[in-house]
Amino acid sequence: MNNRLRLKQAWTIARIELRRAFISKRAFWVYGLALLPAIIFFGHSVAVKFRRERLSAKGLVRPAVMDSIRPGEAVEAVLERLGKPPRDFQWERYRRIRPKGEAAGITAHEIISHRRLTYFDGQREAILNFTDGKLISSQIRRLLSFEEDRRIFAGVFQYFYLRLAVFFGCLGIFMNLFRGEMLDKTLHFWLLAPARREVLLAGKYGAGLIASAVIFAGGALLCFGVLLWTHNPAEVQAYWRSSGMGHVFWYAAAAVLGCIGYGSIFLAAGLLLRNPVIPAAVLLAWEGINNFLPEILQKLSVLYYLQSLCPVPAPVDKSMPAILQLLLAPAAPASRAGAILGLLSVTAFVLWLACLAVRRMQISTVLRRRNLC
Amino acid sequence: MTEPTVIFEEVSKFYGEVLGVNRITLRIPPGITSLAGPNGSGKTTLMNLMTGLIHPDHGSISMRGISSRDPERLMHITGYATQYDAAPRWATGFSFITTGLLLFGYRRPEAEEKAWKALETLGLAEAAHRKMASYSKGMRQRVGLAQAIAHEPELLVLDEPLNGLDPLVRAETIVLFRFWAAQGKHVILSSHVLQEVDAISDRVILIANGMIVAEGKIRDVREEIQERPSKFIVRCREASRVAALLFSEDFITEIRLNEDRQGLLVLAKDRERFSRSIRRIALDGHEIDSVIPADESVDALYEYLIGEGK
């Protein structure tokens, strides 16, 4: 038996598994996880587009005039200088007051009037809050900031996509490569194939890897595409020429490497353990507390390497509790080459363990009678 | 040149604390060999050990010179039709067998041709393109058998292979087994239907409680069976009278009268002479309602063969 035939066997096995990974009912929630950020970004883009159009249709103010607004200004002065706002919202609030002296014990009410004016200069939106005719607070922000959106994307990618979507997606795909066969009582079909157990493992892992990489790298690219879609084409082009291509590549690479790492772990877990919930919970907790661990242990985490590959550091909200900040903050990153090599080393080690397990794998007739295997 | 043999050397297998098989030593030459034994005796365990689906805790197995721990080489020469009828959800009968053959390294046209041939042999050509999930238990059994024979293996291991086959396909399959055996191949099958074992096999291995209780050519076992008294339940109106008539025969070893005095339990050493006597008694005017053999199951044979040890 030569290696070419072994390769052919692995590909035959992978083709069958690929069909199941892409089309089965189980695949739909994996698609859901992969596409969720793209759907959210798409919804955000559409909402912003409509908001811009609505505000622009009611007139723009000059940026300099918008910047001239100062706290404490009277609403009339602002209206005179900036003109009729695209949005004007007024409301009143009653406040209970307790007079002192002779009138003590009689409850009276005071009316406080509020007004919110919204102006738009074509890029930025100014929201001005007035109380009793005086400007109390103002917020001027870009309605659509490319830089801010890229930071948000970095946050979504690292906090949701890598930690949860890729993690649980790989759990669903890889854990079932062998465990699904055991539950369907069809594992003997594969074990009776004239193939080495390692070839069976390679075929199944390859199928899981192709499926998860296509789904999650595709999901990340789609999300990035949606992010770019709303922004000024000139700005996008400039970004694309400078670092955009590299960013896209590294996001896709991180997603694929996530599938490689998590995939190997869940494949091995599916071979070694009966209950998938336990290894998933343990690994999720391990990845979560990774930042508290000594440096050497940090390197035994898939997330550590993946975060090192991300081109934009994930933003950390300073107003968050310190413990959450610690949990979410990425550890000191490894070099990209080191991260890739480290991740591939961890994967190779886990796959070697999986090979040992698959070689020892047996059909248990006792378990079969109990409908377990 | 020595003929290829299936060899078990001191093989033991335990499922935790449950005994699978214990210290089995066997040499099975080519031909049709039946593993016979009551349910739970270890027949399937023995077959799973032969095909590497399970590994022995102790001892070694050589299948025509190949270790059972080397599936790559072993399954090239082996076809195993398991008792498990669970089918992959993705497969039709045809795609199931073709995919299996592709793993052997056949090119697709060749694999498809062999798959068709196997399906036709087992009478499944019409249902070939239906999803296996929609097959009946008998059809799934036949697909399993078709898959086992599709690559024309030298060693066929078949767990209850004739279950679920209609009489015509059953007869054709037996002819096929004989044809392969005549070519010097191994056909190892399990069964608990005695007549089936008797009709098909060259050799028989009797197994109980995970141990070999008898092994050898089928005629030796048949003789052993014939020496054993057969049990019959006779329902009749005049039980005492019929018992007296039967007791005069020398082949009757024991008669027990039923409490309702309308039935007898008869132990006879010669089945044919017993049948003739009963017929004669009936023709003499004694009313016989029924005569039922009470020990035709394989369990009863084992009770006899291994006595208290069963």
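1. **Confidence.** This is a predicted model. Its scores are ipTM 0.74 and pTM 0.78. Chain B has a mean pLDDT of 84. In that chain, 89% of the residues reach 70 or more.

2. **Make-up of chain B.** The chain has 310 residues, and 40% of them count as buried. It holds 11 helices and 14 strands. Take the contacts in chain B between residues at least 6 apart in sequence: 64% of these join residues at least 24 apart.

3. **The six-stranded sheet.** Chain B has an open sheet of 6 strands. The order is β6-β7-β8-β3-β9-β10, with mixed pairing. From one strand to the next, the twist averages 15°. As background, strands of a sheet pair through backbone hydrogen bonds, either parallel or antiparallel.

4. In chain B, β7 covers residues 155-159 and β8 covers residues 186-191. The two strands pair in the parallel sense over 5 bridges.

5. Helix α1 (residues 43-50) of chain B lies across β3 (31-36), β7, β8 and β9 (203-208) of chain B. That helix runs at about 150° to β7(B).

6. **Strand β1 of chain B and its partners.** Strand β1 (residues 6-15) of chain B runs antiparallel to strand β4 (residues 58-63) of chain B, with 5 bridges joining them. Here B:Val6 stands opposite B:Met63 in β4(B). β1(B) also runs antiparallel to strand β2 (residues 18-28) of chain B, joined by 7 bridges. In this pairing, B:Phe14 has B:Leu19 in β2(B) as its bridge partner. β1(B) and β2(B) form a hairpin with 2 residues between the strands. In the hairpin, B:Gly16 takes a positive phi near 65°.

7. **A helix in the interior.** Is α3(B) enclosed or open? It is largely enclosed by the rest of the structure, because 9 of its 10 residues are buried. Among the buried ones are B:Phe94, B:Phe96, B:Ile97, B:Leu101 and B:Leu102. B:Gly93, B:Gly100, B:Thr98 and B:Thr99 are also buried. The cover over the buried residues includes α4 (108-121) and α5 of chain B, together with α1 (3-23) of chain A.

8. **Where the chains meet.** The contact involves 26 residues of chain B and 25 residues of chain A. On the chain B side, α1, α2 (71-77) and α3 (93-102) each supply at least two residues. Which of the elements gives the most to the side of chain B that touches chain A? It is α2(B), with 4 residues. By class, this side of chain B has 14 nonpolar, 10 polar and 2 charged residues.

9. **A helix pair in chain A.** Helix α8 (residues 233-272) and helix α11 (residues 302-309) of chain A have axes that come within 9 Å. They cross at roughly 170°. That makes α8(A) roughly antiparallel to α11(A). From α8(A), the residues in the contact are A:Trp250, A:Ala253, A:Ala254, A:Leu257, A:Gly258, A:Gly261 and A:Tyr262. They meet A:Val302, A:Tyr305, A:Leu306 and A:Leu309 in α11(A). By class, the contact has 9 nonpolar, 2 polar and no charged residues.

10. Why does A:Val236 count as partly exposed? It has 16 C-beta neighbours inside 10 Å, whereas a buried residue needs 20 or more and an exposed one has 12 or fewer. Leaving out residues up to four places away in sequence, A:Val236 touches A:Leu228 and A:His231. A:His44 is 192 residues apart from A:Val236 in sequence, and the two are 17 Å apart in space, C-alpha to C-alpha.

Technical notes: Residues numbered from 1 in each chain as written. Chains lettered and ligands numbered in written order. Predicted model: local features only at pLDDT ≥ 70, side-chain atom pairs only at ≥ 80, totals over all residues. Pairing = 2+ DSSP bridges. Axes fitted to C-alpha atoms, helices over the stretch in contact; angles between N-to-C directions. Contact = placed C-beta atoms within 7 Å. Nonpolar A, V, L, I, M, F, W, Y, C, P; charged D, E, K, R; others polar. Parallel < 35°, antiparallel > 145°, perpendicular 65-115°, else oblique. pLDDT = per-residue confidence, 0-100.
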